[in-house]
Amino acid sequence: MGGIKSKQEKIFAAAAHVVMIILSVSALAPFWLLVASSFTSNDALTRYGYNFWPKEFSLESYQYILSEWGQIGHAYLITIAVTAIGTVISLILVSTMGTGLAQKDVPGLSVVFVFVLITMLFNGGVVSSYIIYTQIFHIKNTIWALIIPNLMLSGFNIVLVKNYVQNSIPAELEEAAEIDGASVYKI
């Protein structure tokens, strides 16, 4: 396949490489700017602004992080816990709901699906959501206040799973598993 290329193919390949290099540098530049700024003193950042090379080398940022690690580490722990717990719960809820909605010949599924679609189109608003979370669920100032609201916004993911199950898993495969003695949950 790597035979002789025409002049047009070589020009196109060179142009494609140039474009990809520019896009790669554009994607990596903000990260480099962040790292360079972390090694710059606060006064230099205020005076000169952000630069790709530190104007005045300093480890103040890292000293601050180490001195306040109790609070910063706790914040990272909460972030990781919310992400992990929320992802696992969301995967379980979305996959079971999407798979359930993909079933055929179950009465009432179209009504449930309409409710899922309505949640994608209309929002209850910030005030009503706040009242529900604080006065009904009593989750104010808890880790669940960070997890539960995100679980409520996964209607799109439910539709994706429903369509995947309906269009990608053949009915014959489910029937074969059923004949082999698999329960609904195993299927």
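Student: Which residues form the largest nonpolar core?

Tutor: The model is predicted, so local features need pLDDT of at least 70 and side-chain atom pairs pLDDT 80 or more, while totals for chains, interfaces and linings use all residues. Residues are numbered from 1 along each chain as its sequence is written, and side-chain values use heavy atoms, without hydrogens and water. A nonpolar core joins buried Ala, Val, Leu, Ile, Met, Phe, Trp, Tyr and Cys residues through side-chain atoms within 4.5 Å, buried meaning under 20% relative accessible area (1.4 Å probe, protein chains only). The largest such core has seven residues: Val94, Leu101, Leu109, Phe113, Val116, Ile158 and Val159.

Student: Which element gives the most to this core?

Tutor: Helices are DSSP runs (H or I, at least four residues), numbered from the N terminus. Two or more core residues come from each of α4 (69-101), α5 and α8. The most, three residues, come from α5.

Student: Which residues does Ile158 touch, not counting residues up to four places away in sequence?

Tutor: Contact requires heavy atoms within 4.5 Å. With that sequence exclusion, Ile158 touches Val94, Met97, Gly98, Leu101 and Val116.

Student: Is Ser37 buried or exposed?

Tutor: Ser37 is found in helix α1 (residues 7-38), and its side chain reaches the backbone oxygen of Leu33 at 2.8 Å. Not counting residues up to four places away in sequence, Ser37 touches Leu45 and Tyr50. Because its relative accessible area is 9%, Ser37 is buried.

Student: Why does Phe156 count as exposed?

Tutor: Phe156 lies in helix α8. Exposed means over 50% relative accessible area. Phe156 therefore counts as exposed, its relative accessibility being 51%.

Note on methods. Polar contact = N/O pair within 3.5 Å; in protein donor to acceptor, adjacent residues only side chain to side chain.
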